[in-house]
Amino acid sequence: MSSSTAGDGEPGMPWDTAREDIGGSSSTGDYSKHESAVCLGNGEVKSCAVVKYSAAPPPTTYALLQEKTDLKLPPANWLRENPQLGSAGTTVLGSSSKCKPFSSFGMAYDFIDCIGDDVDVVSDSENIKKLLKIPYSKSHVSMAVHRVGRTLLLDELDIQELLRRSSQTRDWTWLKEIYQRLIDQKWQRKKKSKENWYQKAILSKFLYYSINGDGAAEPVSHDIDKEDEENEAEEYSSTWPATFTSTMSDAEESDMPKQESVSVDSTFALGQVTSVPKEQNLPTLFNEGENSQGLRNDFVRNIMWTFEDIHMLVGSNMPIFGGGRYPAVSLRLRDSNKPINVLTGIDYWLDNLMCNVPELVMCFHVNGIVQKYEMIKTEDIPHLENSTFSTRVVKDIAQNILSFLKSNCTKEGHTYWLFKASGSDIVKLYDLTTLCEEAEEEKHQNPFTLPVAVLLYKVACNLMLKEKHPQIIASVYYMLSELFRLDEPPDEDGESLRAGGLEDSYSDEDREEEEGEEDDLTEDSDENGSYSNCSRPQDDSKAVAVIRSVVELSVPEKYKSTHQIRPSCAFPVSQDKEERCRHVLSYVLKGLKAVDSSVKKESDLPAADPNTPIPLKYEDGGANGTSEKSISLLLERAGYVQVDQKHPTRSGMIPGSWQHRMKLQLFLKACKAYYVLSDAATNLLKYGRALRYIKLSLQCYDAYCSISATLHSQVLQLHSQCLSLCGDIQLMLAQNVSNRAAYLEEYSYQTKEDQEILHCLHRESSCQAFNMATDLAMDPEYQLFVSCKCYEAAHELLISEDSKDQPSDQLSQVLKRLGNIRNEMGVYYMNQAAAMQTEKEVRSSVSAAEQELWKKSFGFFEKGMKDFEAIGDITNTALLLCNTGRLMRICAQAHCGASADESRGEFSPEEALYYNKAIDYYLRAMKSLSSRESHTAVWDSVNWELSTTYFTLATLLQDYAPLSRKAQEQIEREVTEAMMKSLKYCDLQTESARQLLYQYRAATIHHRLASMYHSCFRNQVGDEHLRKQHRSLAELHYGKAVSLFLSLKDAPCELLRTLLERVALAEFTMAGQSSSAAKLKSLIGAVEIMTETRHPFQLICNELLEEQTERQSSEAAALESADRPDASTGSTSGLDLQEVMKLTCVFEPSFSFLLLQTIKLMTTIKRKASNKDEEMLKTYKNVYSKLLRAEKNAPLLSRVELYIELLQQLTPQTGSDITGTSTA
């Protein structure tokens, strides 16, 4: 059970009682407070009921009537005064037969402190229920609405009764005319049916039976029964003011003070009210007026009910009994032949929520004979058969109605009329005060004017009294700010449950079954008169606002955009972080104003003692100091302690006074709130707004330091968090230069509340200590520098003596941020050095500026590594080692030598030194990670960079060999070693984004090694064994290179070049052979290699065809366009046409030479030719002939297609068994 009442404990235990004097009342009642969260449906509707005043005794156990008890027979105690029932026995659960138009004013007078700010609505519980049932019911609604501050007062407004009573005096004729014009209907009373009176009678008798301790039902005589029923059938006199009727009821006359001889009008005259000499006389005057005007708070119970985010002060007369499983239950009487409908279910549910009753006891009867009892939990009422409704829809209705009223009832002192005709879906709101002023006859004014004026006056007096107790006010505002949790996100539930369609939930009944009118009422009537829809459209021109369809009220947040229900919610349930912080700051500001109002002015301060030195306050170093000096103020301010606390502060506060202590708390609370706002803005990527908030937070801290004698560890920890967040924001600003204009606009904006808080801060401090850290600079380097210094200051605070007892989590986070910012600064200076190197027009020696950038970058990388090592962060340590390796490579590139003609010179020793240093850092990074499983992405990145460095080193050694310093053999060994190490780190097996790059690099390494061995084989003289070894290695690497290039689809030129070099190796080998058979064998092997070039040529042909198609399409589109662009002559497919042209120029003569030499040898060699050999020779001759007749100036595509065709003819001939066997 998620709903409970105050005083939960053993079943049957009474509520706690307490005496509370309200508005001069001395009644003894119960005062209980408990929050209830009733879980209903798929979500939770939050409800909290606080009994502010109760005239009823503690609930007693209800009497369980025996089966077959006849409720038509009255009990012996029927209609006798009973405090347990109050007026409920005669008026049926508090629903009086006559409305009380000023019931809300009586409650407002008694609880004047709540009016204007803390409460949204003041009204009778019956009015609240009627409003929330508007979309479900077709009955009429007529209510008067008044606004006092943020509070709305709602009262039943029976226009027909008003006009009927005023018809004798001929006043209010203007209202009658307006009513007839607006509503256009006949206004007449409808007599109540006998069935209605019968239902009321047995309900009243049932309640009186239920309070009998023994449960005995003793019938009274028939004469008494008849007399009582007749008395009940009489209409009770209304409690309208004296201006409505010339006579008053006896009860009202008896309540009038005997000494009061003046008229009612003169009693309430504003002139007399404002001229009261003493404030203590005001309550007496108001109470007398209230009693004389029927403005008494005569509810049995006044309850502060919070429904979701709506705060309501409601009056209720519902009887509450003890018994059952809970200390409080409500009793209901139901006819077993009539099922409960939606309207009745909502009525029961709301009554229990408002009175915080967890259970309902239902007594079923048939024709007045008791049948059985049934207990129903409050949370189960929305799920009863035939009465199912969505609690979330009811919540939406409440929020929409309140938003609608607050958006449109904007004028204080005006009387608004909320009206919905019976059977109509349109709800209208009229301003009766304005309509009264426009009327031609103005003899009599609005009857609500005087009560509203008195209420406004009492609210003003109450606010005036508050100003006399600033210490209490400031303390209250501080405690209110403490209610908001700034360190936890609120439980938000954006779900909108719409169980039970509204169209299916409408009822044709106008009132609930408990009023006994289901069988008699039609859509056109209810007990207060006839409000049928008019035959012609109603005039909406006089309405302030109109709800076109009641269905709109059940749409979540339909009217929220127009007005927010709780602009200043005192205890929010579900709000976002920024809204909670804004509430905190609002209370902090009010508290600071209360404190400042109590501090003596400077002229009232005691004269300073000339013999006592005045302590100097902390001031900023000024604009002339360097940034290093300015940033050092962060640390100085953090450890600043005001030694002398004997003299008044800047605003005149005495240290140790309540003002001094309260300001310390309020400054610290504001600091926390602005910190949370800044953090939330950072998460939303609103960095300009975030910097503005963190600046305000640090200004609050600065003001705190100005009046604080010591800084506790918790305060230092908060300051460390603020500095750390400031560092985060400055770092983000440095990384998002493109949005600088938007950030500047966010940073420059300031709310009025922020300005007022800053003004309060300036009363104690100049708030300049942290300007340097919170200014929005335009230079990314400076922002990175400020960010780094903020982290350093935060770190220094956390390792200080005062913060040693704090948890180490924050220290680890700051060290991680410190390592990150130092990495960012290292990268920034490294990129600056790389850009400076790129901008050089000619290669020259390394400049001093470059070296300075290297030193800065290296220094930050070193410090960052130490930070990460201190917290055991191996991943980030590896990343910084990797970045340091990249810095070494940039240094190596800057030291590349230049020859006399300004071309690239030999590979210099400085380059080798820095490349080897880079390799060392990469190896350290690999060692730090230890395995790929520790962090896959970082491991792969380091592995790639290490392979790249080895490859670059080997390539430079090979292409720009330092032959002036080293022998050829040594260079070849170093190249081979570096290439093999690079190949070692080429991960060809693991599937990753770099797998194709690894394959291309591995193929390139094999190709380069093969070319190097090929060159050694050609240039080697003397050692035949070494030459064979070089040839063998060349063949091996050529084969691996071809295999890897074949697996790549986008490297046809590289594959073609490798194959042509392999053919050249075969040609060179053939040239050194003396035997014709061996030469023929080598030639045929070379032709076989040549036929493999058909694959790269096919890839090249496809690329050329695709490029040709794209060019034709673009030309066609250009012809259709009015602005024809210049045709692009370059290749769009990524194919290097110049490289292709060079390779074809190498391919064609080589191919021609191979064919010619093969034909010659096959023709001249002495052997027995087989048919296969003759066929092959014929094919060679045919291909050779076509190759010779080919047009030399043909387009590249045509030539490539010819090569493919010729190579295709040779493909079937490869793999022959020609051995060149001689017949000799």
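A: A residue is called exposed when its relative accessible area is over 50%, buried when it is under 20%, and partly exposed in between. N367 is found in the loop between β11 and β12 (369-377). The backbone at N367 has a positive phi of about 55°, although the residue is not a glycine. Most residues other than glycine have a negative phi.

N356, in the loop between α12 (342-354) and β11 (359-366), has a positive phi of about 60° and is not a glycine. With a relative accessible area of 5%, N356 is buried.

The model is predicted, and the mean pLDDT of the chain is 75, with 71% of its residues reaching 70 or more. Over residues 1-42 the pLDDT is below 50, and this stretch has 111 contacts in the model beyond near neighbours in sequence. Residues 1124-1130 also have pLDDT below 50, with four contacts beyond near neighbours in sequence. The chain has 1224 residues, of which 53% count as buried, and it contains 40 helices and 17 strands. Among contacts between residues at least 6 apart in sequence, 77% join residues at least 24 apart. The chain exposes about 55,900 Å², and carbon and sulfur atoms supply 50% of that area.

Helix α2 (residues 103-110) shows cover along a whole element: seven of its eight residues are buried, so the helix is largely enclosed by the rest of the structure. The buried residues of α2 are S103, S104, F105, G106, M107, A108 and Y109.

Cover is also found in a loop. S387 lies between β12 and α13 (391-408) and is buried, with a relative accessible area of 0%. Setting aside residues up to four places away in sequence, S387 touches I340, N341, V342, G345, I381 and P382. One of these, V342, is 45 residues from S387 along the chain, yet the C-alpha atoms of the two are separated by 4.2 Å.

R582, in helix α18 (residues 577-598), is buried at a relative accessible area of 18%. Apart from neighbours within four places in sequence, R582 is in contact with L677, Y693, T751, E753 and D754.

Charged pairs come next. Side chains of opposite charge can pair when their charged atoms come close. The whole structure holds 34 salt bridges. In one of them K669 pairs with E482, the closest N and O atoms being 3.0 Å apart. This pair links distant parts of the chain, since K669 lies in helix α20 (residues 658-683) and E482 in helix α16, 187 residues apart. K669 is buried at 8%, whereas E482 is partly exposed at 37%.

K789 is buried, with a relative accessible area of 18%, while E792, at 21%, counts as partly exposed.

R822 and D867 form another salt bridge, with their closest N and O atoms 2.7 Å apart. R822 lies in helix α27 (residues 808-838) and D867 in helix α28 (residues 848-870), so the pair ties together parts that are 45 residues apart in sequence. R822 counts as buried at 10%, and D867 counts as buried at 8%. Elsewhere, salt bridges that share partners join E126, K129, K133, R332, D347 and D351 into one network.

Cysteines complete the account. The search of the whole structure finds zero disulfides. C671 is in no disulfide, and its nearest cysteine sulfur, that of C722, is 4.0 Å away. C671 is buried, with a relative accessible area of 1%. C767 counts as buried at 2%, and its sulfur is 7.6 Å from the closest cysteine sulfur, in C700, too far for a bond.

Methods. Residues numbered from 1 in each chain as written. Predicted model: local features only at pLDDT ≥ 70, side-chain atom pairs only at ≥ 80, totals over all residues. Heavy atoms only, no water. Buried < 20%, exposed > 50% of the residue type's maximum accessible area, 1.4 Å probe, protein only. Helix = DSSP H or I, 4+ residues; strand = E, 2+ residues; numbered from the N terminus. pLDDT = per-residue confidence, 0-100. Contact = heavy atoms within 4.5 Å. Areas by Shrake-Rupley, 256 points an atom, 1.4 Å probe, with all protein chains shown as cover. Disulfide = S-S within 2.5 Å. Salt bridge = Lys/Arg side-chain N within 4 Å of Asp/Glu carboxyl O.
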